[in-house]
Amino acid sequence: MYATINGLKLDARTGKVIVGENLDAIDAPHVYVAGDGAYTKYSGMAQTAIHDGNFLADVFNSLYKNKKT
């Protein structure tokens, strides 16, 4: 699925999107990936998806308030 989106860097083995520390897609500004689609150490686990969602809520809230995370 992600391979059809131009500009996303994917892990060759898993096909998951390579993300930065704030779950932002590398070389794709303003694109964030969480849960199973993000290439992180514990992706694929329900707890990780929940954590990622909560983390991104904080990131977006901080961006909205124009603060750094």
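Is Asn-61 buried, partly exposed or exposed? Asn-61 is partly exposed, because its relative accessibility is 38%; buried means under 20% relative accessible area, exposed over 50%, and partly exposed in between (1.4 Å probe, protein chains only). This is a predicted model, in which local features need pLDDT of at least 70 and side-chain atom pairs count only at pLDDT 80 or more, while totals for chains, interfaces and linings use all residues. Residues are numbered from 1 along each chain as its sequence is written, and side-chain values use heavy atoms, with hydrogens and water left out.

**Confidence**

- The mean pLDDT (the predictor's confidence in each residue, from 0 to 100) of the protein chain is 91, and 96% of its residues reach 70 or more.
- Confidence is highest in E1, at 97, and lowest in H1, at a mean of 93; helices (H or I, at least four residues) and strands (E, at least two) are DSSP runs, numbered from the N terminus.
- Where pLDDT is low, the predicted coordinates should not be read in detail.

**Aromatic pair**

- The structure holds 1 aromatic pair; rings of Phe, Tyr and Trp (its six-membered ring) pair if their centres lie within 6.5 Å, and planes under 30 degrees apart count as stacked, over 60 as edge-to-face and the rest as tilted.
- The ring centres of Tyr-32 and Phe-60 are 5.1 Å apart and the planes stand at 90 degrees, so the pair is edge-to-face.
- This pair links distant parts of the chain, 28 residues apart: Tyr-32 is in the loop between strand E1 (17-18) and strand E2 (38-39), and Phe-60 is in helix H1 (residues 46-64).
- Tyr-32 is partly exposed, with a relative accessible area of 28%, and Phe-60 is also partly exposed, at 40% relative accessibility.

**Charged side chains**

- The structure holds 1 salt bridge, defined as a side-chain nitrogen of Lys or Arg within 4 Å of a carboxyl oxygen of Asp or Glu.
- Asp-27 and Lys-9 form the salt bridge through their side chains (3.1 Å, N to O).
- The two partners lie in distant parts of the chain, 18 residues apart, with Asp-27 in the loop between E1 and E2 and Lys-9 in the segment before E1.
- Asp-27 counts as exposed because its relative accessibility is 54%, whereas Lys-9 is partly exposed, with a relative accessible area of 41%.
- Asp-52, in helix H1, is buried yet has no salt bridge, and the nearest side chain of opposite charge, Lys-16, is 9.3 Å away; Lys and Arg count as positive and Asp and Glu as negative, while His and the chain ends are not counted.
- Asp-52 is in contact (heavy atoms within 4.5 Å) with Leu-23, Ala-34 and Gly-35, not counting residues up to four places away in sequence.
- Asp-11, in the segment before E1, is likewise buried without a salt bridge, its nearest side chain of opposite charge being Arg-13 at 4.7 Å.
- Apart from neighbours within four places in sequence, Asp-11 contacts Lys-16, Ile-18 and Tyr-39.

**Nonpolar core**

- The largest nonpolar core has 10 residues, including Leu-8, Val-17, Leu-23, Leu-56 and Val-59; such a core is a set of buried Ala, Val, Leu, Ile, Met, Phe, Trp, Tyr and Cys residues joined through side-chain atoms within 4.5 Å.
- Beyond its neighbours within four places in sequence, Val-17 has contacts with residues including Leu-8, Ala-25, Val-33 and Ala-38.

**Backbone angles in the loop between E1 and E2**

- Most residues other than glycine have a negative phi, and most peptide bonds are trans.
- Leu-23 lies in the loop between E1 and E2 and has a positive phi near 65 degrees, although Leu-23 is not a glycine.
- Leu-23 is buried, with a relative accessible area of 7%.
- His-30, placed in the loop between E1 and E2, has a positive phi of about 70 degrees without being a glycine, and is exposed, with a relative accessible area of 77%.

- Thr-40 is in the loop between E2 and H1 and counts as partly exposed at 26% relative accessibility.
- Leaving out neighbours within four places in sequence, Thr-40 contacts Val-19, Leu-23 and Thr-48.
- Thr-40 and Glu-21 are separated by 19 residues in sequence and by 9.4 Å in space, C-alpha to C-alpha.
- Asn-61 is in helix H1; Asn-61 and Leu-8 are 53 residues apart in sequence and 24 Å apart in space, C-alpha to C-alpha.
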